[in-house]
Amino acid sequence: MSAMLARPALRVASHGIKARSFSTTPAPQATLKELETRIRSVGNIGKITKSMKMVAASRLARAQKAMTQAKAYGVANSSVFEQSEASKSEAKVEKILYITIASDRGLCGGIHSSVAKATKRDIDGGEGQGKSVQVVVLGEKPKQQLTRGSVINDLALSFNQIGRAVPTFADALAIADKIEELGLDYDKVKIVYNKFVSVISYEAAFFEIYPLKALQASPSFAAYEVEGDELAADLGSFALANAIYAGLVEGHAAEISARRNAMENASKNASEMIDKLTMQFNRMRQAAITNELVDIITGASAL
């Protein structure tokens, strides 16, 4: 009686909800040959990532040495602007030039997106918000990320062939000369680069450079007794090249370190994947051998 009463309820419910269909066909399983090919392929990739890690580790020592030497340029810049109190200049900051420093090469984690995001964040919600902004990009990787949004309208200049070797001061000087030849008008320069924190970490940081008019309006710049606008302009140009050089070299060291860490993680992942695939391969081979033995024994007992 209870079963008869339950049936109408089930029947009514079936009109409101469409029944789900389940496939009884099992999912295709990789064959032994496919697993063997996959294990060989992952092994080759692991060899490549391991060799790339070793290359990055050997280049890291040279990059760190160059970074240590280049930091003197950044310290010299900072001392000039701090002692002249350029940040307290009476000149208004209405136009900002951003110089985003990275490289053209990949396979180094999120190091390029780090400076790209820091640039966008400062333009959209930081000091650049509501001001006239121009962007110069060093490297194809950050350029690709910055040009996806509204920054593409502010892009004034870009450089490629960055990061192939340890940057030199001649490279920075050529970049600074090209920026000055373009005749960009700005009240302040903000250089965005990757700061080398340790062998396993980095962070986006800023250098601030002030042009000639800001230096001349600084409260303590007169203490330097700079005679003539030409010498002061040379000081501003040299400060820009110094800052670009310091950012290039430190960013290069951070990139090499990030690439070494990325390749180390990739090698570990490849090793773990090989272990899982090898275990699956052994289980399938053991099952195949067991099935063949069962067939032989069954056939022998039938005789």
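A search of the whole structure, which is a predicted model, finds one cavity of 30 Å³ or more, a cavity being a set of points on a 1 Å grid over the protein atoms alone where a 1.4 Å probe fits but cannot get out. The volume of the largest cavity is about 100 Å³, a volume being the space filled by probe spheres set on the points. Its lining consists of 14 residues, among which A102, S103, G251, H252 and E255 lie nearest the centre; lining residues have an atom within 4 Å of a point. Two or more residues of this lining come from each of helix 3 (111-125) and helix 7, and helix 7 gives the most, with five residues. Helices are DSSP runs (H or I, at least four residues) numbered from the N terminus.

Local features need pLDDT of at least 70, side-chain atom pairs count only at pLDDT 80 or more, and totals for chains, interfaces and linings use all residues. Residues are numbered from 1 along each chain as its sequence is written, and side-chain values use heavy atoms, with hydrogens and water left out.

Helix 7 also holds V249, which is buried, with a relative accessible area of 1%, where buried means under 20% and partly exposed means between that and the limit for exposed, over 50% (1.4 Å probe, protein chains only). Although V249 and G163 are 86 residues apart in sequence, their C-alpha atoms are 9.2 Å apart in space.

L293 lies in helix 7 (residues 229-302) as well, but L293 is partly exposed, with a relative accessible area of 48%.

Notes
1 Å grid on protein atoms, 1.4 Å probe; cavity = no way out; pocket = protein on both sides within 12 Å on 5 of 7 lines; lining within 4 Å.
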